Amino acid sequence: MNDILIQNTTKYFQETFGSQPSQVVLSPGRINIIGEHIDYNDGFVLPAAIDKIICFAFEKNNSNTSKIVAIDLNDTFEIDLSAEVQHDEKVWTNYIRGVIQQLKNNGFQFEGVNCVFSSSIPVGSGLSSSAALECGFLFGMNELFNLNIKPVDIALMGQKAEHWVGINCGIMDQFSSVMGLENKVIKIDCRTLEYTYHDANFSDYSLILFDSNVKHSLMTSAYNERRQQCEEGIAIVKSNFPAISSFRDCTPQNILDLKDKMSADVFKRSLYVVKEINRVILACEALDKGNIELLGQLMFETHDGLSKDYEVSCDELDLLVDLAKKEEAVIGARLMGGGFGGCTINLVKKGNEEAIKAEFTKHYFDAFGIELKIYDVKIGNGTSNYKHN
Ligand code: GAF
C-alpha cells in the first residue's frame, strides 16, 4: 500500500514543481500498547511505530519562501520565512508552522523548500498523524540543510511544535514516530528519555484497531485540563511526602492517604496515573516472557481506569471494549491515545480476525448507526529517508 503512496507523492511533486524531489521521507503514525496519559506524568509508556505513514517529497527552492502541498486535502500553503510565524485557521498548516518556529527558535540556518506530502495515517483516529507530520517535515529539513539534529531532538522539537499548535502533549507520539523499529515496541522512560526495544512477541495474535469514527470536540481542552489536574496532584504529593518527586515513586496508598487534600477529580486522576505506571512495568515483563494473556488483562484494566477515573472515554469506545470483553478471541482491548473518540487497540487470537471484525461492525452499527472503521496494523520503522529497493 505504501509503495503506491510513495509513487503518487513523487509523481505529484514532479507534476507540481517540474523536477524530481531530492529527498523523500517516510514518517509513521504510532500505536501504544499500554501507558496512556502517562508520558506527561514522568512514567513509562510502551508504544511502537506502525506501517501507516506520511510520505514527503522535498527539494530546496533557493528562496526565502516554502511552498507546501497537502495532496490529500488538495490544499497548498506558502510561508515567507523572513516574517514572524503566525497561527492560521487551516489547522494542518500549523503543525508545519510550529516546526518552522522551532527551527528558528533554535537558531538553525535554512531556506525555502518545495514539499508535497500524502498520508496513509487516518486523521483524528488517535494514531498521531500530527506527530508524523511534525517529525517527517523536521527530518526532511534536517537532511536538506545538514542541520545535524539528533533523532531524539527531532522528537523533542516536534513535541514543542505541537505545544505551539495548542496541545500540551507529552513526548510519546513524536518519540515513537522517530525512534520506531520494525517488530519492536519501545519502552520509554518519559522522565529521562531512556528507552529499550522489546520484541513485539504477538505471534499468536493480531493487532486490530477499531476506529469508533467519532471525535468528540472536547479533546484539546480536556487533554490540557487532565495534564493540569495531574500537575496539581503531584504538587500535593510533593508537599506532603517530600521524599517523593513524581508519581512513579508513589504507591496507590500514598494517593489514598491524600484523598482529603485533593479535589475529587485530582484524586481520581492521580490514582489512575500511579496504577497505570505500575501496569506498564508489569505489561512489559509479561511481553518479554511471552505472557500475552496477562498483557491483555492489563489492557482491559487500563481501559477501566481511563473510562472511570481518568474520564477520557466515551460511549462508543466503552461499547467497543465491552464487546471485546465478551469475546473469548479478544484477550485485551482498550482505548488508545488521548481518548474522546478515535480507536481501540485489540489483541485478537489468530484465525478469528474476520469473525470478530464482522461481529463488531454489526454491533457497533446497531448501537450507534455509525460505520466502524478497521485497521490491521504492523509494527514498522521510525522516520527515515526512503530507499529504493
Ligand atoms: C496524545 C498525546 F499527544 C500523547 O503525548 C499522549 O499523552 C497521549 O495522548 C495519551 O497517552 O496522543
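Predicted model: local features only at pLDDT ≥ 70, side-chain atom pairs only at ≥ 80, totals over all residues.
Strands pair through backbone hydrogen bonds, in either a parallel or an antiparallel sense. Here, three strands form an open sheet in the order β2-β7-β8, and their pairing is antiparallel. Because β2 (44–45) and β8 (195–199) each have a single partner strand, they stand at the edges, and one side of each is left without a neighbour in the sheet. Two bridges join β2 to β7 (residues 184–189) in the antiparallel sense, and Phe44 is found opposite Asp189 of β7. Helix α5 (residues 172–179) lies across β2, β7 and β8, at about 135 degrees to β7.

Attention now turns to the helices. Two packed helices are described by the angle and the distance between their axes. For α8 (residues 264–289) and α9 (residues 292–309), the axes come within 9 Å and cross at roughly 170 degrees. Angles over 145 degrees count as roughly antiparallel, so α8 is roughly antiparallel to α9. Their crossing is left-handed. Residues that meet here include Leu271, Tyr272 and Lys275 in α8, and Leu294, Leu298 and Glu301 in α9. Nine residues of this contact are nonpolar, two are polar and seven are charged.

Finally, unreviewed UniProt annotations name two domains. The record lists "Galactokinase N-terminal" for residues 12–58, a span that is 13% helix and 51% strand, with its end C-alpha atoms 11 Å apart. "GHMP kinase C-terminal" covers residues 285–364 in the UniProt annotation; that span is 59% helix and 19% strand, and its end C-alpha atoms lie 34 Å apart.

Technical notes
Residues numbered from 1 in each chain as written. Pairing = 2+ DSSP bridges. Helix = DSSP H or I, 4+ residues; strand = E, 2+ residues; numbered from the N terminus. Contact = placed C-beta atoms within 7 Å. Axes fitted to C-alpha atoms, helices over the stretch in contact; angles between N-to-C directions. UniProt positions renumbered as here; feature names shortened; annotations may be inferred. Parallel < 35°, antiparallel > 145°, perpendicular 65-115°, else oblique. Left-handed = near helix turned anticlockwise from the far one by under 90°. Nonpolar A, V, L, I, M, F, W, Y, C, P; charged D, E, K, R; others polar.
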